[in-house]
Amino acid sequence: MRHLLSAADLTGEQIGSILNTAEEMHQLQGRAIKKLPTLRGRTVVNMFFEDSTRTRTSFEMAGKWMSADTINVAAKGSSVSKGESMRDTMLTLDAMGVDCFVIRHPSSGAVAQAAGWVRAHVVNAGDGTHEHPTQALLDAFAIRRHFRQLGTEGWVGKKIAIVGDLLHSRVVRSNVLLQRTLGSEVILVAPPTLLPTGVEEWGCQVTHDLDSVLAEVDVVMMLRVQRERMQGGFFPSAREYTEFYGLTPERLNRLKDGAAICHPGPMNRGLEISSAAADASRSLILDQVTAGVSVRMSVLYHLLGGDDSQGATR
Ligand code: NCD
C-alpha cells in the first residue's frame, strides 16, 4: 500500500489486515509505557489545513507510540500564510526526507492531488466533504469489538443507519464504501436538504424517516450538523431538526438489544444527539476515539513498516 486516500482503495482482505494489526496495537492502551520501536527513524508530517482535535492528536500519538518522529505543520505558522503554495510547501518538506504526510484539507480531492507531487506516502485525514478513510476504519474497529464482546462474530449481516447531515460529511462516504466492502447493509437517513446529490447511486437504502428504521438497526451512527459549512437554512429550526432527526432519550429507548450508538465527534449535544444517548452504556463514542489511535498506528505501520519481518508489536 503506497497511500491511503479513499476507503474504496481497500479490499476486504486489506481492511481485515489493518483491523487485526490495530487489535495488536490496542493492547498498548493497557500498558504503562506506550512505546514500540516499530517506526524508529521514520518521519511523519501532519499537515492540517482545517481544524481538528481527535484526528490530528491521534495521528500524532500513533506516530509517537511507534517511535516515529512526528511534526505538525498548520497553514497558519507555515510559509503557506506567506503565500507559498501547498505544492511548494510539500515539495520542500519532501526534499527534507519526510516519509509520510498525513493531510487534512478543506477542498475535496486536494489530498489525492498532493499524493501525486511527493515521493513520501500520503494519508487522507479528511478532504473537504469527500472522504475520511481512517475514520471509517476506526468506526469498523469499534463496531467489530462491540459485537465480538456481545458474542457475535464482527459485523456479518449487520445493519448500520447513518443519520443526519450527510451532505457535508466525508465520514459518510468513507463508511458507505468500507462497510459495503465488508458486506454490511447501510441505511442513509437525512432530511431531503441534507442528502448529497447522486446518493441514489450509492447502492444504499435512503429514507427521510428515522423512526421507520430505528428499531431494526444494529448500529446508529449520528453525524454532526456541520454549521460551519452551511450558508442559508437547510432545516427550519434546531428544534425541528432534533424532533425529526435527533437521537433523543425517547428514541434511545426504541433501539434494539445490543444496538450500538456511534458518532465521529465533535458532537452538538442537544441537536443531533442527546446527552442520554451520547453517554449511554451502548454508546461507542469514546471507544471510537480510543480506536482512532490503534487504527492509525496500524495504518502507519502498513504504509511505512510493512517490510519489517520482526512483526508489528516488537
Ligand atoms: C469528522 C470530520 O472532521 O470529518 N470528525 C472527525 O474527524 N472525528 C466529522 C465532523 O467534523 O463532524
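**Close-ups of a ligand and its surroundings**

View 1. A nitrogen atom of the ligand sits 3.0 Å from a polar backbone atom of proline 264. How much of the ligand's accessible area does the protein cover? On its own the ligand has 320 Å², and the protein covers 94% of that. Keep in mind that this is a predicted model.

View 2. The space the ligand takes up is the largest pocket. Two elements, α2 (54–65) and α6 (170–182), each give two or more residues to the shell. Among the residues around the ligand are Arg54, Arg104, His132, Gln135, Arg170, Val171, Arg224 and Gln226. Sort the shell by type and you get three nonpolar, five polar and four charged residues. Why does the ligand lie between two domains? Domain 1 (7–131 + 290–312) and domain 2 (133–288) both give residues to the shell, so the ligand lies between them.

**View 3. Here is a peptide bond to check.** Most peptide bonds are trans. The bond from glycine 265 to proline 266, however, is cis, with omega near -10°. You'll find proline 266 in the loop between β9 (260–262) and α10 (275–278), and proline 266 is also one of the residues around the ligand.

**View 4. Last stop: a backbone angle in a loop.** Most residues other than glycine have a negative phi. Serine 67 has a positive one, near 70°. Serine 67 lies in the loop between α2 and β2 (69–74).

How values were computed:
Residues are numbered from 1 along each chain as its sequence is written. This is a predicted model: local features need pLDDT of at least 70, side-chain atom pairs count only at pLDDT 80 or more; totals for chains, interfaces and linings use all residues. Side-chain values use heavy atoms; hydrogens and water are left out. A residue is near a molecule or strand if one of its heavy atoms lies within 4 Å of it. A polar contact is a pair of N or O atoms within 3.5 Å; within protein, one must be able to donate a hydrogen and the other to accept it, and residues adjacent in sequence count only if both atoms are side-chain atoms. Accessible areas come from the Shrake-Rupley method with a 1.4 Å probe; for residues, only the protein chains shown count as cover. On a 1 Å grid over the protein atoms alone, a cavity is a set of points where a 1.4 Å probe fits but cannot get out, and a pocket is an open set with protein on both sides within 12 Å along at least five of seven lines; lining residues have an atom within 4 Å of a point. A molecule sits in a cavity or pocket if more than half of its atoms lie within 2 Å of its grid points. Helices (H or I, at least four residues) and strands (E, at least two) are DSSP runs, numbered from the N terminus. Ala, Val, Leu, Ile, Met, Phe, Trp, Tyr, Cys and Pro count as nonpolar, Asp, Glu, Lys and Arg as charged, and the others, Gly among them, as polar. Domain bounds come from an automatic or database domain assignment.
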